[in-house]
Amino acid sequence: MSVAGDDAGAPVLATSGLTKRFGGKGGQTAVDAVDLTVPRGAVYGFLGPNGSGKTTTIRMVLGLVRPTAGDVRLLGGRVPDDVATVLPRVGALVEGPGFHPYLSGRANLARLDAVDRLADPRTAARRIDEALDRVDLLGSARKRFRAYSLGMRQRLAIAATLLQPRDLLVLDEPTNGLDPQGTREVRTLIGRLNQEGVTLLVSSHLLSEIEQVCTHLGVMRAGRLVAQGASAEVLGSTRLSAEVTTPDGARAADVLAGLGLTEVSFAPDGVTLTLEGVAPEAVVAALVGAGVAVRGFVVRHATLEDRFIELTGGGFDADE
Ligand SMILES: Nc1ncnc2c1ncn2[C@@H]1O[C@H](COP(=O)(O)OP(=O)(O)OP(=O)(O)O)[C@@H](O)[C@H]1O
């Protein structure tokens, strides 16, 4: 293996044909030939409905579950063969660490640090304060864990993964169960850690919670990775749609057809269309020029939510 030679251009994580079947032959295929590529410096949003195989994939990546087939290359090494060398450089939040409710945030981190064989006890205090500082909890370090808000609790869990220097952080559903404020805090923290140079793999079943911070996306559906790439690519950045509010729907549709637009449909108070690369101002000019009474014109970017529904056939927001 070549951890030392782990070159800067290589992905931090790449799986190939990664597969997990539970229950032997004929059993359920939870993860089916997944080729994940997480580039260095990315915030990789690993998305998919509950049960689509995200956690099982993450557990295989971390050497916690043995794949039925396929390979995992992590930080220049292989999993599971090289876990002793590569895993110390990976911080993971898969199941939340068990925090003690009556101990302070700092004391909780001290307990976790004390059981880490790789951690030098002489430098514990500095390490713990640095981790608290990175998640913006230094000011609340002496408060008891039970007095922490949901967002603070999750930030403390992330601080626990930062007690050692990390090249990759793997956060499984870090916003799950948080209130909007807590979700915002965790999202901001993800963005900040990324700016500090950490690559992150962040899973979620709720797109809207992480969409804004992801540079890359991978979408799982029933065990398969159905889309992957730079966020803009996966989202289909050119997919703009528009809604025209007008009493002259039929005439508007003719004008739009004249512009070569093929995805036009009637709505209760006008028409909707996909812009297909035509500039919105050109559409408005053509409509107005043809005497169509345009009372409203709204351009919409297809959101990740829309795209996701296309990719997975919906069901994304289904509650557990
Ligand atoms: N140890 C196991 N034994 C049998 N089946 C399992 C096991 N672990 C997971 N599965 C099944 O594998 C499928 C994928 O589960 P997984 O937890 O990886 O999905 P997920 O996308 O992470 O969903 P969630 O967000 O609910 O964790 C599910 O159908 C699940 O029931």
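**Helices and the ligand shell**

Helix H3 has its buried residues covered by, among others, helix H4 (124-134) and helix H5 (150-161). The model described here is a predicted one. H3 itself spans residues 105-114, and its buried residues are Gly 105, Arg 106, Asn 108, Leu 109 and Asp 113. Looking down the axis of H3, these buried residues fall within an arc of 160 degrees, so they line one face of the helix.

Helix H1 (residues 54-61) is mostly covered too, with 7 of its 8 residues buried. The buried set of H1 begins with a run of Lys 54, Thr 55, Thr 56, Thr 57 and Ile 58, and it also takes in Met 60 and Val 61. Just past the end of H1 comes Gly 63, which takes a positive phi of about 75 degrees.

H1 turns up again around the ligand. Which residues surround the ligand? They are Phe 22, Gln 28, Ala 30, Gly 48, Asn 50, Gly 51, Ser 52, Gly 53, Lys 54, Thr 55, Thr 56 and His 205. Of these, H1 gives the largest share of the shell, 3 residues.

Definitions and conventions. Residues are numbered from 1 along each chain as its sequence is written. This is a predicted model: local features need pLDDT of at least 70, side-chain atom pairs count only at pLDDT 80 or more; totals for chains, interfaces and linings use all residues. A residue is buried if 20 or more other C-beta atoms lie within 10 Å of its own, exposed if 12 or fewer, and partly exposed in between; C-beta atoms are placed from the backbone. Helices (H or I, at least four residues) and strands (E, at least two) are DSSP runs, numbered from the N terminus. The arc is that of the directions from the helix axis to the C-beta atoms. Two residues are in contact if their C-beta atoms, placed from the backbone, lie within 7 Å. A residue is near a molecule or strand if its C-beta atom, placed from the backbone, lies within 6 Å of it.
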